[in-house]
Amino acid sequence: LLLKNGFSSFYFSPEDDVLNLKAIGNQWGLMPLYLKVPLFISRIDPALPDNAFLTEKQSYRYLIKKKFDLWYLLAEKPLCLTHRRDKLNSMGIKNFVLDLSFHTPHRKTLLMVISHYNNKTKVPDTTLFNHKAGLK
């Protein structure tokens with residue numbers, strides 16, 4: 001339907017799990033393989049300042065970040081699926097995104113993420129997020 005209406009691609013949600021991706025796997029989708037997942041976006045100033053951390057019961061940590069007059073609640077650890085490229089390809093997913101939007105710009109970070117992408121290995125200190133665990 002999207003292609004028939006002039007769209008050339010769409011973006012898979014970083015919150016999708018592997019079973020959902022398998023069901024909708026499509027060569028036109030853009031799959032994020034690395035990013036700090038934005039869990040919440042708001043125009044309203046939160047009670048916490050920029051760069052503050054929140055911790056929930058299960059010890060998951062989240063970062064409050066302000067960017068372009070919007071407030072984001074980000075998972076502290078980035079989602080990383082660079083080691084899952086072959087599995088995603090087998091599901092028909094062929095286009096990938098490495099999103100460094102909420103990282104401090106640094107050549108070393110970019111080269112490290114690209115190296116793990118090229119080697120099909122997982123970046124250390126990252127998470128699979130919902131990818132294998134499923135949506136809960």
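1. Quick term first: a residue counts as exposed when its relative accessible area is over 50%, and as buried when it is under 20%. Keep in mind that this is a predicted model. By that cut-off Asp-125, at 55% relative accessibility, is exposed.

2. On the overall fold: there are three helices and eight strands, running β-α-β-β-β-β-β-β-α-β-α along the sequence. The radius of gyration is 16 Å, close to the 14 Å from the globule rule for 136 residues, so the chain is as compact as a globular protein of that length. The C-alpha trace spans about 45 × 35 × 30 Å along its principal axes.

3. Of the contacts with a separation of 6 or more, 62% are between residues 24 or more positions apart. Carbon and sulfur atoms own 55% of the roughly 8,800 Å² of accessible surface.

4. Charges: I get 20 positive and 11 negative, with mean positions 7 Å apart. The structure has three salt bridges.

5. Two of these involve the loop between E6 and E7. Arg-61 pairs with Glu-76 at 3.1 Å, N to O; Arg-61 sits in strand E5 and Glu-76 in that loop, 15 residues apart. Lys-77, also in the loop between E6 and E7, reaches Asp-125 in the segment after helix H3, 48 residues apart, with closest N and O atoms at 3.2 Å.

6. Then there's Asp-86 with Lys-120, at 2.8 Å between the closest N and O atoms. Asp-86 lies in helix H2 and Lys-120 in the segment after H3, so the pair ties together parts 34 residues apart in sequence. Asp-86 is partly exposed at 48%, and Lys-120 is partly exposed at 33%.

Methods. Residues numbered from 1 in each chain as written. Predicted model: local features only at pLDDT ≥ 70, side-chain atom pairs only at ≥ 80, totals over all residues. Heavy atoms only, no water. Helix = DSSP H or I, 4+ residues; strand = E, 2+ residues; numbered from the N terminus. Rg over C-alpha atoms; globule rule 2.2 N^0.38 Å. Contact = heavy atoms within 4.5 Å. Areas by Shrake-Rupley, 256 points an atom, 1.4 Å probe, with all protein chains shown as cover. Lys, Arg positive; Asp, Glu negative; His and termini not counted. Charge placed at Lys NZ, Arg CZ, Asp CG, Glu CD. Salt bridge = Lys/Arg side-chain N within 4 Å of Asp/Glu carboxyl O. Buried < 20%, exposed > 50% of the residue type's maximum accessible area, 1.4 Å probe, protein only.
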